[in-house]
Protein chains: 2
Amino acid sequence: METVERLIRSTQELLWERGYVGTSPKAIQRAADAGQGSMYHHFSGKAQLARAAIERSGEELREAAEEQFASPGTATERITHYLERDREVLRGCRIGRLTADPDVMADPTLRAPVDETFRWLRGRLAEVVAEGKRTGEYPATIDPDQTAATIAAVLQGGYVLARAANSDEPFELAVQGLITLLQEASA
Amino acid sequence: METVERLIRSTQELLWERGYVGTSPKAIQRAADAGQGSMYHHFSGKAQLARAAIERSGEELREAAEEQFASPGTATERITHYLERDREVLRGCRIGRLTADPDVMADPTLRAPVDETFRWLRGRLAEVVAEGKRTGEYPATIDPDQTAATIAAVLQGGYVLARAANSDEPFELAVQGLITLLQEASA
DNA sequence: GTCTATAGAGTGATAGAC
DNA sequence: GTCTATCACTCTATAGAC
């Protein structure tokens, strides 16, 4: 693998695990097996490399999610599929994690890909919910934008509860609780 | 205010804003208007001071939540009250934020108060939901532990979405979406 | 493209005077 | 209890040789 690629992937991993503030250029170089000069030759510094890594992680998140959204089935089935997909729960969300990082939130070029990723996710979920309304799965009282935000929030919050408990259990509980509520709404 | 108290409160603020990794003893001393020697006289170091600050924040969270849970009204009313309480959405949750901090999660004495706080919160919410089942507000299909986790997750995830968007809106959407689902379940 | 040397600032703590 | 001095280390680069 080329150096640039190794640098980006190592940065993705470190941002996931330790966040932006907790990730040093030196740690990235070690993980990517690249020298100091090499890293600064390809990137202007930590921020630009982080930006590339965050954008990459955002793309990967969208691809993985779209796989469930575009699959056949009713709206509830596709949402349930998405919610129940295999996840590394205790590692949390690579993108959501960054919202806790003050330096990421303070830098518009770093926050932008985070913002775009969740905007896309909520929009896509809203489309699926809207389809469910058209097919009569969900009653008129269900608002697609609200429900989409609720679904995305349960996942992000589920990660938080799981990490606090050092167990997948609260995540699974939260997801199943949401699925039940969605079923009750469509019943 | 005494020095110890100023140190704890300043640490609470800094942990909320910058997390554990992003908070230095020096920054705490500056915020608390305390000297180096003073801080190390009262606390063994950053970790012990953080522990005191996290425990304090956990107590405050429980007190604030209990105010809504113990108020009169139906289960749905009390849950709605809790969800719609005034919050500093863009600052996020003081406790939930710490789950993104690898050094907090790795240290059992720092993770413990985070764990306990969310365990209490989910347990208390589950009690309210269980009451709602007894009074016939919720059908038998609703599981208190699952629903409690879902409610806590929507708040924690709502903060994440709000910070990503740099706007309260996604938080409000997620909360209203959950309230609608709870109403549909009880209808 | 990659290497090593250097640098100024900050980190987290200890020591001992007052 | 609080102060200043000091320390070994890390952080995030920059400079210039190869």
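Six aromatic pairs are counted over all chains, where rings of Phe, Tyr and Trp (its six-membered ring) pair if their centres lie within 6.5 Å, and planes under 30 degrees apart count as stacked, over 60 as edge-to-face and the rest as tilted. The model is predicted: local features need pLDDT of at least 70 and side-chain atom pairs count only at pLDDT 80 or more, whereas totals for chains, interfaces and linings use all residues. Residues are numbered from 1 along each chain as its sequence is written, chains are lettered from A and ligands numbered from 1 in the order in which they are written, and side-chain values use heavy atoms, with hydrogens and water left out.

In chain B, one tilted pair is formed by Phe69(B) and Tyr82(B), at 4.8 Å centre to centre and with 50° between the planes. This pair links distant parts of the chain, 13 residues apart, with Phe69(B) in helix H4 (residues 46-69) and Tyr82(B) in helix H5 (residues 75-84); helices are DSSP runs (H or I, at least four residues) numbered from the N terminus. Phe69(B) is buried at 1% relative accessibility, and Tyr82(B) is likewise buried at 4%, the term denoting under 20% relative accessible area (1.4 Å probe, protein chains only).

A further tilted pair joins Tyr159(B) and Phe171(B), with 5.1 Å centre to centre and 35° between the planes. Tyr159(B) belongs to helix H8 (residues 144-165) and Phe171(B) to helix H9 (residues 169-186), so parts 12 residues apart in sequence are tied together. Both Tyr159(B) and Phe171(B) are buried.

In chain A, a single aromatic cluster comprises Phe69(A), Tyr82(A) and Trp120(A). Arg87(A) lies over the face of Tyr82(A), 4.8 Å from the ring centre.

Definitions and conventions: Helices (H or I, at least four residues) and strands (E, at least two) are DSSP runs, numbered from the N terminus. Buried means under 20% relative accessible area, exposed over 50%, partly exposed in between (1.4 Å probe, protein chains only). A charge sits over a ring if NZ of Lys or CZ of Arg is within 6 Å of the ring centre and within 35 degrees of the ring normal.
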